[in-house]
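Please look at the sequence and the model shown here, and keep both in view while reading the report that follows.

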Amino acid sequence: MNARALNVLGLALVAVVGIAVLFLTPRLFDLDVLLNITVYMIMAVLALSLALIWGFGGILCFGQSAFFGLGAYTYAIAMINIGESTAPLILAIIIPAAFAALLGYFMFYGRISDVYLGVITLTVTLILFNSINSTAGPEFHIGSAKLGGFNGIPGIPSLNVPFFKDWQIDLEGMFYLSTASLILTYFGLRALLASRFGRTIVGIRENDRRAQLLGYDPRAYKLATFTIGAALAGYAGCLFANWGSFVSPTIFGLAQSAQIIIWVIVGGRGTLIGPILGCVGIQWLTAALGANAPSGAAGWQALLGNVPLILGAILIAFVLLVPKGLVPTIGGLESVLFRPRTGASR
Amino acid sequence: MTVPLIETRGLGMRFGGVQAVRDVNFTLGERELRCLIGPNGAGKSTFFKMLTGQLKPTSGVVLVRGVDVTDAEPHEIARRGVGIKTQVPSVFDGLTVRENLWLATARMHRGAQAQRAVETMLERVGLSAIASRVVGQLAHGQRQWVELGVVLSTNPDLVLLDEPAAGMTDQEVLRTVELVRDINKTKALIVVEHDMQFIRMIASKVTVFNQGAVLMEDDVEAIMHSPIVRDVYLGKKAAA
């Protein structure tokens, strides 16, 4: 089977599975399970945003949660002030994107090397965490929205159908919206990566000096990729604020930032389906482990319930044993097992 | 007087206490072919890096068709029609041969036109048979051809070749000579090469670099018979 046929087959498979999940899940599960699955879908959109920036753009961003959190906070603050969700939704995309464009401009045009990009982005999200964390007093408010510091912002009104304030989206609606968003994001990114822009950013990831000597300006392409990724993360943040009607500064924290990276590493850099599977799988595992360890548990039960420990072990295991991540490794096995060995040329 | 394709005036590069290139005045006309020779460390590669914007000279200027590009970014110089094949092949290792050539072509051509240009170039550099292979898995010689194809795909007016025959078999060297002659029908070239046989075959004017400065500039036969050049370069090489 040639590469193009495999590609079409893969796309068709994702479409079928996606549509099946979209329509069957609400019929098969209770609302509480549906709520959990909704948050997996939202986080998978976030995972895709880093899959684009890091996996395809080659930009090591340790602070993807900064854009996610900015999206969530922007939506919360704008929604409390405006009361109709069209503008807050748009702002939740634009503000993280604008912030990324500004930050990215200084990083890429300032010729910051890859490692420092990671350090800077991580620092930025931790600065946001500390800043928002210390706004507990009543004097910290934007319009009628109190920032609430470490207490967060509760009671965020949910999304409504654009321009129709009274048609609010309920919990089941949130499931449909989040799942459809994930499916559309996946196919949107596939289209982007197949475009001239997408192929160019992959070339720049492979060898930015060569791209430059061919007349491409890597700084501009990286800035655009970073901004698109931030917009997506902001959108995911908006959905997340809706899902729980609540945001708190932990959204900017180290644990959240690290998780996104783990999803992408486990699933596989340079793929889109990998980070989705990594994200859903790890969240499911986290939830399952947490549920099995009641407070006061001892011995094995306490060990298995120690989620950060388990996540750390998974990360180390993958980095050492499956460095490419799940999907590329399985893809590699497929070609070893099923592709007949041919000579140098076909 | 016509404006030269590329010109440097008083070009110099200092790395800390080391003067790698000093006061180079160099001129190349449209469709001219020039070879650069000189012992290792003579400043040839540094000179190439300054011509392509990869290094900013510490003194002097670089002009492309009379436009000062001394402080320009590498991509801006590339867009003015300067292409370079580096000494160690610089290609997109994770991509296929076809994708490599497409990236070089796509800056100027779109859609079906780009596809056609890629297929034509695959044919020209003899890579059609391995077009779907990932470049990182190819042999060194093949990667050299991929890079040549990539550089030519941008349709530059000036092609810089840094040791194009290095690591090639005798047969491949002959093909490279043919290709250089073919390229030279429409484009100017500067070729850095150690192999005097190669230089004789392409029979060009030669500029000799020594200790960062231009030692001599003449045709290939005169260079080969010059006692000064023999002393600094050929003599050492013959003894080695």
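How many bridges join β9(B) to strand β10 of chain B? Six bridges join these two strands, residues 213-219 forming β10(B), and the strands run antiparallel; strands are DSSP runs of E with at least two residues, numbered from the N terminus, and two strands pair if DSSP finds at least two bridges between them. This is a predicted model, in which local features need pLDDT of at least 70 and side-chain atom pairs count only at pLDDT 80 or more, while totals for chains, interfaces and linings use all residues. Residues are numbered from 1 along each chain as its sequence is written, chains are lettered from A and ligands numbered from 1 in the order in which they are written, and side-chain values use heavy atoms, with hydrogens and water left out.

Strand β9(B), residues 205-210, has five of its six residues buried, so the rest of the structure largely encloses it; buried means under 20% relative accessible area, with a 1.4 Å probe and protein chains only. Strand β3 of chain B, residues 33-37, also pairs with β9(B), in the parallel sense and over four bridges. Two of the facing pairs are listed below.

| Residue | Stands opposite |
|---|---|
| B:Ile37 | B:Val208 in β9(B) |
| B:Asn210 | B:Ala213 in β10(B) |

The hairpin of β9(B) and β10(B) has two residues between its strands, and there B:Gln211 takes a positive phi near 50 degrees.

Turning to chain A, 47% of its 346 residues count as buried, and its C-alpha trace spans about 70 × 50 × 45 Å along the principal axes.

Methods: Buried means under 20% relative accessible area, exposed over 50%, partly exposed in between (1.4 Å probe, protein chains only).
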